[in-house]
Amino acid sequence: MEEPWDFEFLSRIADSCLSFISEFVDDWLANDMRVSIFKILLSWLIVSLIGIHFAWKVYGNTVNDMYYRQGTGQNGGTPDTAPHLSGWESRAGDTLKTHRD
């Protein structure tokens with residue numbers, strides 16, 4: 001019976017990762033336009049994520065309180081059913097809609 005994770009398969013994965021990392025480092029150290037654009041975009045992404053993180057730390061509870069309904073009931077402050085309607089019925093004179101093929 002053959003083992004599903006033999007040594008040759010794992011060594012190929014490790015070699016592929018190592019070659020990708022070494023090529024990435026070589027490209028990173030090169031001073032061409034492609035690497036410069038990548039560095040600018042990567043730094044913009046990191047700064048944006050850090051800004052979002054700190055903004056959520058400061059204003060997160062305020063935003064959450066704006067959209068979270070306080071109180072009891074189905075959705076916070078809303079009642080389970082309307083007081084003048086009984087369950088699924090609308091008005092006494094309306095007929096219930098049914099699905100017809």
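**Exercise 1. Classify arginine 34 by its accessibility and identify its salt-bridge partners.**

Solution. Arginine 34 has a relative accessibility of 56% and therefore counts as exposed; the classes are buried under 20% relative accessible area, exposed over 50% and partly exposed in between, with a 1.4 Å probe and protein chains only. The model is predicted, so that local features need pLDDT of at least 70 and side-chain atom pairs count only at pLDDT 80 or more, while totals for chains, interfaces and linings use all residues. Residues are numbered from 1 along each chain as its sequence is written, and side-chain values use heavy atoms, with hydrogens and water left out.

Next, apply the salt-bridge rule: a side-chain nitrogen of Lys or Arg within 4 Å of a carboxyl oxygen of Asp or Glu. Aspartate 32 meets arginine 34 with the closest N and O atoms 3.8 Å apart. Salt bridges that share partners join Asp27, Asp32 and Arg34 into one network. The bridge between aspartate 27 and arginine 34 has an N to O distance of 4.0 Å. Aspartate 27, at 34% relative accessibility, is partly exposed, and aspartate 32, at 30%, is partly exposed.

**Exercise 2. Locate the salt bridge of arginine 12 and glutamate 8.**

Solution. The two side chains meet at 2.6 Å, N to O. Arginine 12 and glutamate 8 are four residues apart in helix α1, and so are separated by about one helical turn. Helices here are DSSP runs (H or I, at least four residues), strands are E runs of at least two, and both are numbered from the N terminus. The chain has two helices and zero strands.

**Exercise 3. Describe the ring pair of phenylalanine 24 and phenylalanine 38.**

Solution. Rings of Phe, Tyr and Trp (its six-membered ring) pair if their centres lie within 6.5 Å; planes under 30 degrees apart count as stacked, over 60 as edge-to-face and the rest as tilted. The count by this rule is four aromatic pairs. For phenylalanine 24 and phenylalanine 38, the centres are 6.0 Å apart and the planes stand at 85°, so the pair is edge-to-face. This pair links distant parts of the chain, with phenylalanine 24 in helix α1 and phenylalanine 38 in helix α2 (residues 33–67), 14 residues apart. Phenylalanine 24 is partly exposed at 39% relative accessibility, and phenylalanine 38 is partly exposed at 38%. One aromatic cluster is formed by Phe20, Phe24, Trp28 and Phe38.
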